Amino acid sequence: MSIPFGYVSPEQQMRDKADYARKGIARGRSVVVLQYEDGILFVAPNPSRALHKISEIYDRIGFAAVGRYNEFEALRLGGIRYADINGYTYDREDVTARGLANLYAQNLGQIFTESLKPFEVELVVAEVGDTADEDHIYRLTFDGSVFDESGLVAMGGQAEAVAGRLKERYRDGLSLADALQAALFALTEPGGERPPAGQLEVAVLDRNRPHRKFQRLAGPRLEALLAGSSAGEGAVDAGTAEAAAPQDGGSQTPPTAPEGEIDTGSGG
Amino acid sequence: MGSHRDLPAGMVNHIFTDTGSSSFSEFVRSHAPDLLPGRNETLAAPVGDQIPHATTIVAATCAGGVVIAGDRRATSGNIISQRDMEKVFRLDDHSAMGIAGAASTGIELARLYRVELEHYEKREGRSLSVAGKANRLATMIRGNLPMAMQGLVVVPLFVAYDPNGDSGRIFSYDVGGGPYEQHQHHAIGSGSIFARGSLKKLYREGASPEDTVLTVLQALYDAADDDSATGGPDVIRRIWPVVAVLTADGYRRLSDDEIAENVEAMVESRKSSPDGPTAPLR
């Protein structure tokens, strides 16, 4: 049996694509998504005020992404269309994060297998429920895999290290200010400098808001929260920082890509 | 690989086809045209009076905002088809609309328009300007013109809080579109003639939102007094007009208790003077 010239085995192709996507994603900065007492918090270091990594999809659904902007922007817009048309056709409560995650998974999977170049993106689709138990956080990788996460997610460059630091500080029912502190601790390399408020993109899905739950936090409100107190929030819930043990219910360190050896392409 | 190469970046679902515009209704037109109200099919015969019609909506500006109110009656010819219909809709934090005319088309229109505003906001990361919102609604009304000619006439009254100028603004429409910006106050629907007369006499420029709520409640009462299709406050069933106040703080619909208190006081004073408060002669 002769192998035609230029033949690349499917396994090899997939490995090359996965490797390519992983490298692209790892170049970017991280984004963290975590639950807090009133909903779900999104934090991303992002010097741009115009190009968002975090955005609203629907009443209860938020979106966060890392990787190539044009690629995840196309996914974001598609998600908004999906949500709006379903909410308009049926009812607003018939739009779910699960449906949206499925749509993304189908498309990302198809692109990964069929296109020459996979999307260099990783997404989180989060939905806030009436109680913390009804919150859903789905993480999607470039190959269309969906992970149902509980509590916290980190993705992007150094996702494993960031997730590790986040788990040190995370626990159930953090106040907003404490959750923000935990996120910043995770996003800051040990010994590094914390990003200033102007370099942060922060948003929440707050289950206590009427109508649309998504809200961006910026300006004075964010600075008040960053000042370490719960002043911007009204609720004071500090002083339990020693209970910083990692959650047993938390997921394993999330991989940024499917398992498997990375082929370096050096032919070895 | 071929079939979905025409879609952006190899995506498989047409939800990812970009129409090149931030308009939700344009996307619906290309993706699922059946869902749009005001389709260009013509009816065999005009339906006119056979379907429920929504009646009177009044709006008046107040200090730092605008108040909109609607009665609760829907009529099909001489039949009262619903006693507790809602004809005032929240669109987003700073705008609302009321509908008069064919109730079914109006409700559908309000739902579509709300998604239209939200869709733009989510895509673009900013809200449309008040004028932009008013213009967008005009094209949507014009799209319903063929149906309007068959009897499914619906016209909205659009109100919004405008942060430029910290004031409320009112826009009216006809079946061909619009918008017509109205100053101080306006009313639409079958009882609007009577409501406008009442508003003219009772409107006070720069009045507080609370006082303006009283003005629009009086105007609705006057409309119901003289127009058979407008429902007055139903004290037996405790069905009150829908009243919403839009200010810098956002959209706030008054609770039934708040309205009941005002309406009961108004009804009480009308027992001694049935035509309501009088404006000073000079």
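**View 1. Where α5(B) meets α6(B) in this predicted model.** From α5(B), the residues taking part are B:Phe194, B:Ala195, B:Ser198, B:Leu199 and B:Leu202. Facing them in α6(B) are B:Thr215, B:Gln218, B:Ala219, B:Leu220, B:Asp222, B:Ala223, B:Asp225 and B:Asp226. Contact here means C-beta atoms, placed from the backbone, within 7 Å. Sorted by class, that's seven nonpolar, three polar and three charged residues. Nonpolar covers Ala, Val, Leu, Ile, Met, Phe, Trp, Tyr, Cys and Pro; charged covers Asp, Glu, Lys and Arg; the others, Gly among them, are polar.

Local features need pLDDT of at least 70 and side-chain atom pairs 80 or more, while totals for chains, interfaces and linings use all residues. Residues are numbered from 1 along each chain as its sequence is written, and chains are lettered from A, ligands numbered from 1, in the order in which they are written.

**View 2. How the α5(B) and α6(B) axes sit.** Helix α5 (residues 192–202) and helix α6 (residues 209–226), both of chain B, pack at about 145 degrees with axes 8 Å apart. Axes are lines fitted to C-alpha atoms over the stretch in contact, and angles run from 0 to 180 degrees between N-to-C directions. Helices are DSSP runs of H or I, at least four residues, numbered from the N terminus.

**View 3. Chain A against chain B.** Chain A puts 21 residues into the contact and chain B 23 residues. On the chain A side, α2 (69–89) and α3 (97–114) each give two or more residues. The largest share, 12 residues, comes from α2(A). By class, this side of chain A has eight nonpolar, eight polar and five charged residues.

How values were computed. Contact = placed C-beta atoms within 7 Å.
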